[in-house]
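Welcome, and thanks for stopping by.

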Amino acid sequence: MAKKYWNDHLSNFKLEDSGEYNYRGSFYALDSVGDYQRDSMGRDFISRRFLIVLWPYIIISLAASLLAGMFPATGAMNTWYVILPFGLTIAMGFLLVYHLAKLTKGLFTGDQRGMVREYIFDKTWNRIGAFTKVMLVTSALTIVLEVFHLVIKGKGDHFSGAIILLICMALTALSGGLLLHHYTRVKWQKIAEKQS
């Protein structure tokens with residue numbers, strides 16, 4: 001198998017007689033989202049279902065982790081082993097939003113609505129799964145380390161903030177777990193590249 005480079009997809013753009021470049025590579029189309037099949041529901045319905053299923057969980061995860069950071073919390077203010085996984089959880093939320101937005105844009109714009117160009121799919125879909133798993137681990141780790149800190153050091157000055165942090169991280173982990181569950185139930189079909 002040949003090594004892939006970040007700009008390999010440029011060879012799939014062909015210059016037409018009109019002077020415009022047209023994409024001639026492969027596409028990915030949603031085949032099923034959970035119990036909904038593209039053949040029985042249609043491409044537009046499946047695409048909308050995809051958004052309804054994935055976007056809310058990513059938004060809830062990011063919003064909950066950001067909310068947790070708005071309140072001073074014992075442990076999360078001055079303890080590196082709590083701050084590090086908490087910060088990584090927020091970073092994963094932003095990365096998930098970015099990659100799902102890029103995939104959504106590819107799905108609903110371009111010359112083939114309802115299908116994503118192969119290079120966009122390759123750079124987004126697998127990363128969404130990986131970042132969701134990392135977010136699950138870091139949010140759970142934040143909960144464990146925050147509880148550990150409270151047990152060892154005591155309530156401190158900002159115990160109510162620590163409770164908010166624990167609740168928000170539990171909500172982040174829960175919505176991340178649901179996101180991962182739905183992510184594994186989404187199936188794609190590769191569509192052969194156009195003929196010149």
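Are phenylalanine 121 and tryptophan 188 buried or exposed? Phenylalanine 121 is buried, and tryptophan 188 is buried as well, where buried means under 20% relative accessible area, exposed over 50%, and partly exposed in between (1.4 Å probe, protein chains only).

This is a predicted model, in which local features need pLDDT of at least 70 and side-chain atom pairs count only at pLDDT 80 or more, while totals for chains, interfaces and linings use all residues. Residues are numbered from 1 along each chain as its sequence is written, and side-chain values use heavy atoms, with hydrogens and water left out.

**Aromatic rings**

- The model has eight aromatic pairs, counting rings of Phe, Tyr and Trp (its six-membered ring) whose centres lie within 6.5 Å; planes under 30 degrees apart are stacked, over 60 edge-to-face, and the rest tilted.
- The rings of tyrosine 81 and phenylalanine 148 have centres 6.1 Å apart and planes at 65°, so this pair is edge-to-face.
- Tyrosine 81 sits in helix 3 (residues 80-108) and phenylalanine 148 in helix 4, 67 residues apart, so the pair links distant parts of the chain; helices (H or I, at least four residues) and strands (E, at least two) are DSSP runs, numbered from the N terminus.
- Phenylalanine 148 is partly exposed, with a relative accessible area of 43%.
- Phenylalanine 121 and tryptophan 188 also pair edge-to-face, with 5.0 Å from centre to centre and 65° between the planes.
- That pair joins helix 4 to strand 6, across 67 residues of the chain.
- One aromatic cluster is made up of Tyr28, Phe50, Phe121, Trp125, Tyr183 and Trp188.

**The salt bridge**

- One salt bridge turns up in a search of the whole structure, meaning a side-chain nitrogen of Lys or Arg within 4 Å of a carboxyl oxygen of Asp or Glu.
- Its partners are lysine 190 and glutamate 118, at 2.9 Å from N to O.
- Lysine 190 belongs to strand 6 (residues 186-191) and glutamate 118 to helix 4 (residues 118-153), 72 residues apart.
- Lysine 190 is partly exposed at 46% relative accessibility, whereas glutamate 118 is buried at 16%.

**Helix 4 beside helix 5**

- The axes of helix 4 and helix 5 (residues 159-185) come within 9 Å and cross at roughly 155°; axes are lines fitted to C-alpha atoms, for helices over the stretch in contact, with angles from 0 to 180 degrees between N-to-C directions.
- That makes the two helices roughly antiparallel (over 145 degrees; under 35 is roughly parallel, 65 to 115 roughly perpendicular, and the rest oblique).
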